[in-house]
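Student: I have a chain open on my screen and would like to talk it through. Could you help me read it?
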Amino acid sequence: MYGSDIKKYHHEDDENITCRDCGKIFEFPATEAAFFESKGYPAPIRCRECRPMARASRRKRQREQQELARQQQRSTFSDVLREHLSS
Ligand SMILES: [Zn+2]
């Protein structure tokens, strides 16, 4: 009942989408929907206010993960080194 409905897109109607982050209902104009579809983008899940914040926090998370990976590599390396030195 749900999956089959995705394909039928009414460009003549503006859509109202509930923002995933703040729960606010925002308008997704038919013209924008047409643009998104032509680019192959999925419909937005966040309102205009939350979109830049989501992008920023995603970048921040990526940086944190990279830093974590670096730290793990470093600690693994020092563990190996310690083992090597103690044996
Ligand atoms: Zn929002």
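Student: Which pattern does the protein follow, read along the sequence?

Tutor: Read along the sequence, this predicted model follows the pattern β-β-α-α, and the protein has two helices and two strands.

Student: How do β1 and β2 run, and how many bridges join them?

Tutor: The two strands run antiparallel, with four bridges joining β1, residues 15–18, to β2, residues 25–28. To find your place in the pairing, look for E15, which stands opposite F28 in β2.

Student: And what lies between β1 and β2?

Tutor: Six residues lie between them, and the two strands form a hairpin. In the turn, G23 has a positive phi of about 80°.

Student: Switching to the helices, how far does α2 reach from its first C-alpha to its last?

Tutor: Helix α2 covers residues 50–86, which is 37 residues, and reaches 53 Å between those two atoms, close to the 54 Å expected at 1.5 Å a residue.

Student: What is the count of buried residues in α2?

Tutor: The count is zero among its 37 residues, so by the cut-off of 20 or more other C-beta atoms within 10 Å, α2 is hardly covered. Helix α1, residues 30–39, is also hardly covered, with a count of one among its 10 residues. For the protein as a whole, 1% of the 87 residues count as buried.

Student: What about R46, where is its place?

Tutor: R46 sits in the loop between α1 and α2. Leaving aside residues up to four places away in sequence, R46 touches C19, R20, D21, R51 and A54. The C-alpha atoms of R46 and G23 are separated by 8.5 Å, although the two residues are 23 residues apart along the chain.

Student: Why is R46 partly exposed?

Tutor: R46 is partly exposed because 19 other C-beta atoms lie within 10 Å, whereas a buried residue needs 20 or more.

Methods:
Residues numbered from 1 in each chain as written. Predicted model: local features only at pLDDT ≥ 70, side-chain atom pairs only at ≥ 80, totals over all residues. Pairing = 2+ DSSP bridges. Expected span 1.5 Å × (residues − 1). Buried ≥ 20, exposed ≤ 12 C-beta atoms within 10 Å, placed from the backbone. Contact = placed C-beta atoms within 7 Å.
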